[in-house]
Amino acid sequence: MRTLLIIIAIVIGVGLSSLMVVTEGERAIVSRFGEVLKDNVDGKPVTRVYGPGLHVKIPMIDKIRYLDARIQTLDGAADRFVTSEKKDLMVDSYVKWRIQDYEKFYLSTNGGLRSNAEALLQRKINSDLRTEFGKRTIKEIVSGISEDGNTEGSSRDELQRLALQNAAKSAQDLGIQVVDVRVKQINLPNNVSNSIFQRMRAERQAVAKEHRAKGKEEAETIRARTDANVVVTLANARRQAEAIKGQGDATAAKIYANAYTKDPEFYSFLRSLDAYKASFSGHSDVMVLAPDSEFFKYFKEGAK
């Protein structure tokens, strides 16, 4: 009984290991003793490609290589390209691709290795892009306008279209169909960007220094003009004030003279009253005067 169970388990194991499942979006190529299985089609050997489904293989002998049949994205690092004017640009691009000829892909990529396929495809795409960038200037690439003002064949869309056409042709020997080629970003190299930034910074600093110098010059001119106006204004104000003051003093003297001439005795009496008031305002004041002094003439009997 135990031996029977072991035999049944071995049969089940062998049966399961002889099954090959290919999922949707995949294809499979089987090699046996180092040789890829092929079918005879019209008298020509063609590599057998297994589509999605359940297939049978020889356990422990057949080796399976699963290939992704979906569209793949190759998004590598930015690479340096040279324009027609010998200027360097850092171009970041990506490629959409998929396997078209599974036999050719398997043979050209050392057993269908995706890393090998992408390395080969990246070199081909970069070569095609380098050719297209080498035909254009930076202005044509960025603005889409050629040096003679023509927009045809100069824009980034046109560059990508031509790169796609060239890549589609060059990738055929890999069994790959290039679906799309896109340029994501175009930058100047870091050393060029830094030098341009430093030059722009120096130019802006020179302009700022020139503006500051002109501002200081204008400020000094305005300040000197203002100081001169202040001096002139103050001099005119003092002159006018002195003139008005002189006129006031003359008018006051005239009024006093007219008042004095009308009643000199009354004016003398008022002056004496003011002097008495000022002299006797303090209780501790002491005055030593002769009795017949003119200061007390209005206290004398018979004074008017």
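Helices here are DSSP runs of H or I with at least four residues, strands are E runs of at least two, and both are numbered from the N terminus. Across the chain the average pLDDT is 80, and 83% of the residues score at least 70. Residue numbers start from 1 along each chain as its sequence is written. Because the model is predicted, local features need pLDDT of at least 70 and side-chain atom pairs 80 or more, while totals for chains, interfaces and linings use all residues; side-chain values use heavy atoms, without hydrogens or water.

Turning to the aromatic rings, the structure has 2 aromatic pairs (ring centres within 6.5 Å; planes under 30 degrees apart are stacked, over 60 edge-to-face, the rest tilted). One of them is stacked, since the rings of Phe81 and Phe133 have centres 5.3 Å apart and planes at 15°. This pair ties together distant parts of the chain, with Phe81 in strand β10 and Phe133 in helix α3, 52 residues apart. Phe81 is buried (under 20% relative accessible area; exposed is over 50%, partly exposed in between, with a 1.4 Å probe and protein chains only), at 1%. Phe133 is buried too, at 0%.

Phe81 also turns up in the lining of the largest cavity, alongside residues including Asp79, Val91 and Gln122. By class, that lining has 3 nonpolar, 4 polar and 1 charged residues (nonpolar: Ala, Val, Leu, Ile, Met, Phe, Trp, Tyr, Cys and Pro; charged: Asp, Glu, Lys and Arg; polar: the others, Gly among them). A cavity is a set of points on a 1 Å grid over the protein atoms alone where a 1.4 Å probe fits but cannot get out, and lining residues have an atom within 4 Å of a point.

Definitions and conventions: 1 Å grid on protein atoms, 1.4 Å probe; cavity = no way out; pocket = protein on both sides within 12 Å on 5 of 7 lines; lining within 4 Å. pLDDT = per-residue confidence, 0-100. Phe/Tyr/Trp six-rings, centres within 6.5 Å; stacked < 30°, edge-to-face > 60°.
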